[in-house]
Each structure stands twice: as structure tokens, then as C-alpha cells.
Amino acid sequence: MTKAIFIRNASQLVTLHGGSDAPRVKAEMSELGIIENGSVWIEDGVIQAVGTDEELAAKYANRLAEAELVDASGKLVTPGLVDPHTHLVHAGSRENEFNMRLQGKTYMEIMNAGGGIHATTRATKAASHEQLYKESFNRLNQFLRHGVTTVEAKSGYGMDWETELKQLEVANELQEKHVVDVVSTFMGAHAVPKEYKENPDEFVRVLVEEMIPKVAELGLAEFNDVFCEHGVFTPEQSRVILEAGKRHGLIAKIHADEIEPYEGAELAAEVGAISADHLLKASEKGMKAMAENGVVGVLLPGTAYFLMAESANGRKMIDLGVPVALSTDCNPGSSPTVSLPFIMNLGCLKMGMTPAEVITAATINAAHAINRGREIGSLEVGKKGDVTIFNIENYMKLQYSYGVNHTDTVVKNGRVVVKGGQLIEELSLS
Ligand SMILES: N=CN[C@@H](CCC(=O)O)C(=O)O
Ligand SMILES: [Zn+2]
């Protein structure tokens with residue numbers, strides 16, 4: 001039994017109270033369930049009570065002395081942030097391509113010339129399990145310092161079995177050993193390896209008949225993702241890959257309509273994907289199909305920013321009833337960041353979302369995008385004790401005051417893991 005934690009007297013306690021069976025849509029995305037002078041009691045890693053400080057102080061009057069007290073007065077308290085789309089496990093970085101893009105080369109030109117995803121694939125193939133683990137562990141620490149307590153992680157920088165396996169094993173080892181929860185996605189369909197360039201359908205066959213069954217059998221991932229994009233995987237190939245995953249119990253996700261309109265959003269709705277991600281060029285028909293089928297739109301405005309492209313139309317998606325989530329897309333090519341709060345600022349400035357909507361998008365809706373809506377994403381009794389405390393008084397300031405890490409304290413599974421903006425010592429790997 002772990003010591004109880006009593007987080008007291010937040011100037012705003014953002015509970016996101018409101019039911020966990022489905023992601024929030026339309027006006028629901030603005031209902032933050034704020035409690036002023038709010039407090040949370042966590043015990044055995046689970047939230048036991050949420051209310052005003054007065055209510056909880058009375059409820060636990062005879063147990064106050066035994067709890068670890070966390071004074072949140074003057075501070076904003078939210079559920080631990082959730083990042084539902086990252087390429088966490090990778091080696092190396094690509095600042096050389098950043099420079100090339102500044103001189104006019106496009107992301108796809110660099111990739112087609114053997115750079116981009118292929119460059120990170122070479123680096124990831126060359127890295128040992130230990131090196132990948134260490135780099136990714138340190139990246140998770142950075143996420144945590146920005147208030148993020150759950151991270152989805154995709155493979156896809158191998159595309160051969162050995163390297164895909166290495167990435168998935170690292171993600172699973174991190175889930176076991178790092179305090180941040182890591183949710184694993186197989187993304188063997190991230191690019192077509194050059195040896196299959198003349199016959200991409202043969203690579204699709206390898207994915208469908210060999211890799212996906214092995215991933216499922218070994219229990220290495222919960223989701224199966226594909227980069228459905230002109231010049232990468234066609235909608236038809238993507239459908240075959242996603243349906244194969246479903247037959248083996250892997251939930252479908254899709255990188256859709258990122259660079260060109262390609263009916264990826266429509267495909268997501270047809271195959272019953274849990275989320276369609278990117279969506280910069282999604283059609284209105286695709287958005288409506290997503291809304292009708294409850295497909296979460298995971299929007300990645302950091303990627304549009306970094307690729308100097310126009311962001312997805314988050315405002316329109318919300319108005320059409322798409323449940324919208326936000327993510328960093330942390331990866332070395334198109335979004336080398338771990339700052340979900342910065343992405344939230346972009347959600348407001350580049351996608352027309354309100355400060356309240358972006359909070360919902362980075363918590364409860366993000367949790368639903370990775371099938372965790374019942375366990376995390378809101379401060380409600382019975383949910384995991386994952387809480388972030390920001391050194392600001394209200395939720396709007398989180399979006400308004402950008403480029404600054406306001407994270408003060410993070411409680412993960414009912415344990416303080418970041419204090420005064422610093423990780424507790426035992427989280428350092430080296
Ligand atoms: N667009 C495809 N995949 C990643 C980028 C990967 C990379 O460039 O290394 C993304 O989601 O942005
Ligand atoms: Zn991605």
C-alpha cells in the first residue's frame with residue numbers, strides 16, 4: 001500500500017468530469033468541470049475523491065496526518081496529459097534535413113531521395129537495443145517534465161522484422177520500467193523499403209502474412225498503423241494492412257491526408273479505425289464520415305508548423321462533430337518536440353480551437369484515441385492517479401503563455417515524480 005497523496009486547494013482543478021464511455025464532441029469539448037479551490041485524494045495509485053478543499057478536508061479529517069500533502073494553491077491542476085501519437089523509439093536526429101527544407105526542398109522530395117524516414121530507419125537499424133532504450137527513456141523523462149503521463153509509441157523505423165521487433169521490444173520494456181505509461185503501436189507500414197520499390201504489393205504481403213501475425217502473437221502492440229499517402233501506401237493497400245491487423249486483434253490507426261488529399265479520413269471511418277491522424281488535407285466528406293463513426297481526429301499542428309504547411313482545420317472538425325485530440329507527433333523528421341503544451345498553443349493559434357477545447361483534446365479525447373478513456377484523461381473517482389500541476393493560476397494561461405514549461409509537479413500512479421519542475425532523482429538513467 002502506498003502513502004495517500006492529498007493535492008490541496010488548486011486555484012483551478014480541471015476535472016473533465018462527464019463520463020468516460022466516449023470521447024467528447026462539439027460543446028462537450030468546452031466543459032472542463034472546473035472546481036475552484038479544488039482538491040484530490042489519491043490512494044493506492046487511484047483517485048478516491050475529488051471536490052473542494054473544504055469538502056475533502058472534512059471527509060479525510062482524521063487521516064490528514066498520514067497523507068503526503070501537495071500544496072497546489074495558486075496553481076492549475078489537470079489530469080496528466082496524454083500524447084496519443086509519437087514515434088518515441090528512434091535513433092538519431094535530422095537537423096540536416098531541416099536545413100535542406102529551409103532552402104526549399106520538400107519533406108517528400110527528401111524522403112524519395114532516400115532521406116527522411118529512410119534516414120532514421122538506417123540510424124535505428126544501426127542502434128543497439130540498449131542505445132535505443134536509453135535515448136527513448138530520456139525522451140520519456142522530457143515528456144514527463146512537460147506534464148505528460150501517457151505516451152503512445154509507434155514502430156516503423158525498421159520495416160524489416162528484426163528492427164521492428166527491436167523497436168517494439170524497447171517500447172514494451174519502457175512500459176515495464178519507466179513510470180510514464182507507453183502504449184505500443186505496430187507501424188511496419190511507415191514507408192516502402194527500397195528493396196520493394198518495384199513491387200510494393202510484395203511488401204504489403206510480408207506485412208499482412210508475416211509481420212502482423214507475429215506482432216499479435218507476441219503481444220507486442222495494441223494498434224496497427226499505416227502511412228496512407230500518395231507515394232507511400234495507397235488507400236487500397238492501407239485497407240488491406242488495416243483489415244489484416246483487425247483480424248489479429250490489432251486496432252486500426254491511420255496517418256491520413258497529411259500531404260495530399262487521399263481519402264484517408266473516409267478509409268478510417270470505413271475500417272472502423274480508432275483514430276485518423278494528421279488530416280491536414282482531409283475532405284469535408286471524410287470529416288463527416290469520421291464524426292458519424294466516432295473516429296477520433298488526432299491533430300498534430302506541430303508537424304504542420306515544422307513542415308511550414310497549413311494546419312488541419314480543427315475548428316471545422318469540432319463543429320462537424322469529430323472528437324478531436326492533440327499530439328506532438330514527436331519524431332526526428334517532422335516534429336522533433338516533446339512539448340504538448342506548445343502543441344496546445346498551436347491548437348488555438350493555428351487551428352481555431354479554444355483554450356478549453358485544447359485541454360479536452362490533450363487529456364480525455366487523447367486517452368480515447370488510444371483506448372484508455374476509461375482509465376485516464378480525467379480526474380474522476382476510480383481513474384489512475386495521474387495528475388499534472390502547473391505553476392499558473394488558470395487553464396487559459398497554459399495556452400497564452402507559450403514557450404515556457406509551466407509544469408511544476410507531476411503525480412503518476414499516485415506518486416510524485418516531478419517536483420519543482422525537476423524529475424525525482426531515481427528517474428535518471430545515467
Ligand atoms: N508522416 C509520417 N510519419 C511521421 C514522420 C516520420 C519521419 O519523418 O521520421 C509523422 O507522423 O509525421
Ligand atoms: Zn506519425
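Which residue just after α10 takes a positive phi? In this predicted model, the residue is G294, with a phi of about 65°. Residues are numbered from 1 along each chain as the sequence is written, and chains are lettered from A and ligands numbered from 1 in the order of writing. Because the model is predicted, local features need pLDDT of at least 70 and side-chain atom pairs count only at pLDDT 80 or more, while totals for chains, interfaces and linings use all residues.

Along the principal axes, the C-alpha atoms fill a box of roughly 70 × 45 × 45 Å. Buried residues make up 56% of the 430. A residue is buried if 20 or more other C-beta atoms lie within 10 Å of its own, exposed if 12 or fewer, and partly exposed in between, with C-beta atoms placed from the backbone. Of the contacts between residues at least 6 apart in sequence, 71% join residues at least 24 apart; a contact requires C-beta atoms, placed from the backbone, to lie within 7 Å.

An open sheet of four strands runs in the order β5-β4-β1-β6, with mixed pairing. Its edge strands, β5 (46-52) and β6 (68-71), each pair on one side only, where pairing requires at least two bridges found by DSSP. Strand β1 (residues 5-10) pairs with strand β4 (residues 38-43) in the antiparallel sense over four bridges. Within β4, W41 is the bridge partner of F6.

Helix α10 (residues 284-293) has G286, M287, A289, M290 and A291 buried. These buried residues pack against α9 (264-271), β13 (275-278), β14 (296-299) and α12 (314-320). Helix α13 (residues 340-351) is mostly covered, with nine of its 12 residues buried; among them are L340, F342, L346 and M351. Just after α13, G352 takes a positive phi of about 70°.

The "binding site" annotation, from an unreviewed UniProt entry, covers R94, Y157, H190, E258 and S334. UniProt positions are given in the numbering used here, feature names are shortened, and annotations may be inferred rather than shown by experiment. Y157 lies in the loop between β9 (148-154) and α6 (161-177) and is buried because 30 other C-beta atoms lie within 10 Å. Residues up to four places away in sequence aside, Y157 touches H90, T120, T121, T124 and Q167. H190 is located between β10 (181-189) and α7 (200-218), also in a loop, and counts as buried with 25 C-beta neighbours inside 10 Å. Beyond four places in sequence, the contacts of H190 are I117, G156, M159 and F227.

G92 lies in the loop between β8 (81-83) and α2 (95-102). With 14 other C-beta atoms within 10 Å, G92 is partly exposed. Excluding neighbours within four places in sequence, G92 is in contact with T120, A123 and P332. The C-alpha atoms of G92 and S73 are separated by 41 Å, the two residues being 19 apart along the chain.

Notes. Contact = placed C-beta atoms within 7 Å. Helix = DSSP H or I, 4+ residues; strand = E, 2+ residues; numbered from the N terminus.
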